[in-house]
Amino acid sequence: MKGAKSTSKRTDTKLAVNKKAGAVTKGRKASKKSVKDPNKPKRPASAFFVFMEEFRKQFNKENPNNKAVSAVGKAAGAKWKSMSEADKQPYVAKAENRKAEYEKNMKAYNKRQAEGANAADEEGSEKSMSEVNDEDDGDEDGSGEEDDDE
């Protein structure tokens, strides 16, 4: 019987509750994630990942039977390490161009976000004013229930 009690305590600590609002795992509280904006520009690829785009195509042509992603990654990593700085330069240049374009897109995105927040505040105040005016219009006909109490 003593063994059963100790086992139940162990299973209780190992139980995990997974909810959409927040997950609790092994006694730790998970932080709430903010919702990702689908319109936000994606971060640019590094020089290695620009190299990987081309290397993947070449590797798949040379090894059509190999479907393992890990094999492609290992082969690309080994080749990238063996390359000289001069060989890596075209990929570094492409990555820098993508980064410059990303920064330009982010500035435009942040500007739209700032304008959108200001526009949303103005629309909200106009909407609330119209709702108040609509309620007043209903009481003007003189048939309100409050007047019948007299």
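View 1. Rings of Phe, Tyr and Trp (its six-membered ring) pair here if their centres lie within 6.5 Å; planes under 30 degrees apart are stacked, over 60 edge-to-face, and the rest tilted. Searching the whole structure turns up eight aromatic pairs. Keep in mind that this is a predicted model: local features need pLDDT of at least 70, side-chain atom pairs count only at pLDDT 80 or more, and totals for chains, interfaces and linings use all residues. Numbering runs from 1 along each chain as its sequence is written, and side-chain values use heavy atoms, with hydrogens and water left out.

**View 2. Phe48 and its two edge-to-face partners**. Trp80 is buried at 15% relative accessibility, while Phe48 at 23% is partly exposed, as is Phe49 at 47%. Buried means under 20% relative accessible area, exposed over 50%, and partly exposed in between (1.4 Å probe, protein chains only).

**View 3. Lys88, buried without a salt bridge**. Lys88 is found in helix H4 (residues 85-139). The nearest side chain of opposite charge, Glu85, is 4.3 Å away; a salt bridge needs a Lys or Arg side-chain nitrogen within 4 Å of a carboxyl oxygen of Asp or Glu. Lys and Arg count as positive, Asp and Glu as negative, with His and the chain ends not counted. Leaving aside residues up to four places away in sequence, Lys88 touches Trp80 and Met83 (contact: heavy atoms within 4.5 Å).

Terms used:
Helices (H or I, at least four residues) and strands (E, at least two) are DSSP runs, numbered from the N terminus.
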